[in-house]
Amino acid sequence: MAIPPLAMVKDDISAGAKSKVKSSVQRGIRTKVIETYPLLAPHIDEIIPKKSQLDLLKLPDRVSLYALDNNPLFWQHMDDPIIPHLKVVHAFPQCFPQIGIDRGAIRFVLSGAALMVPGLTSAGGKLPEKGSELKEGEVAVIMAEGKEEACLVGQLKMGTEEMKEKKKGVAIDSGHYLGDGLWKLTID
């Protein structure tokens, strides 16, 4: 199932019900995060300490947001992969698979448009080499040419090898980008 257009909402979103996560569920979330992002394993106690209390916030379109001390950490649509909030990506950028977009794609991504393959396959774009390619459905962090911080995180609609072959189409149709509703969300 595709990720909903939650993160492509340009307006502010408001969180619905906020509840405490049971300790058994919290252990499961920690495990799922480490399975999905193995490079986060050394940092998991810093992100979600064992004795901490995670909060679950219900967002529009059946999206769950996990937060600790009112800081968003991860979000998930139903049973789709758990995806890090950009604040987690900025704190631990080396722990996530990255691809790069050229300068021309930056303004479109930051306005909520789908990430198109030409922005990744042009001269300024950066895709992983063969052998470390990313597959369809994997979560990737998008870095912008000439910028330090990630600008988008989302689930790939096609693998990176297919992107290199086709050189057209949609790479990520929805995700969490800098300045979107999820970025601006205030948790009280």
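Helices (H or I, at least four residues) and strands (E, at least two) are taken here as DSSP runs and are numbered from the N terminus. The model is a predicted one, in which local features need pLDDT of at least 70 and side-chain atom pairs count only at pLDDT 80 or more, while totals for chains, interfaces and linings use all residues. Residues are numbered from 1 along each chain as its sequence is written, and side-chain values use heavy atoms, with hydrogens and water left out.

On this assignment the protein has seven helices and 11 strands. Its radius of gyration, taken over C-alpha atoms, is 16 Å, which agrees with the value near 16 Å for a compact globule of 188 residues, the globule rule being 2.2 Å times the number of residues to the power 0.38. Along its principal axes the C-alpha trace spans about 45 × 35 × 30 Å. With contact meaning heavy atoms within 4.5 Å, 61% of the contacts between residues at least 6 apart in sequence join residues at least 24 apart.

Residues are called buried under 20% relative accessible area, exposed over 50% and partly exposed in between (1.4 Å probe, protein chains only); by this scale 48% of the 188 residues count as buried.

In soluble globular proteins, nonpolar side chains tend to be buried together. A nonpolar core is here a set of buried Ala, Val, Leu, Ile, Met, Phe, Trp, Tyr and Cys residues joined through side-chain atoms within 4.5 Å. The largest such core has 37 residues, and those with the most contacts inside it are Leu 40, Phe 74 and Phe 96. Among the elements that give two or more residues to this core are α1 (23-36), β4 (71-77) and β8 (139-144), while β3 gives the most, with five residues. Leaving aside its neighbours within four places in sequence, Phe 96 is in contact with Tyr 37, Leu 40, Pro 84, Val 88, Val 89 and Val 141. A second, separate core of 21 residues includes Ile 99, Val 117, Leu 120 and Ala 171.

Arg 62 is placed in the loop between β2 and β3, whereas Asp 69 lies in the loop between β3 and β4; their values are set out below.
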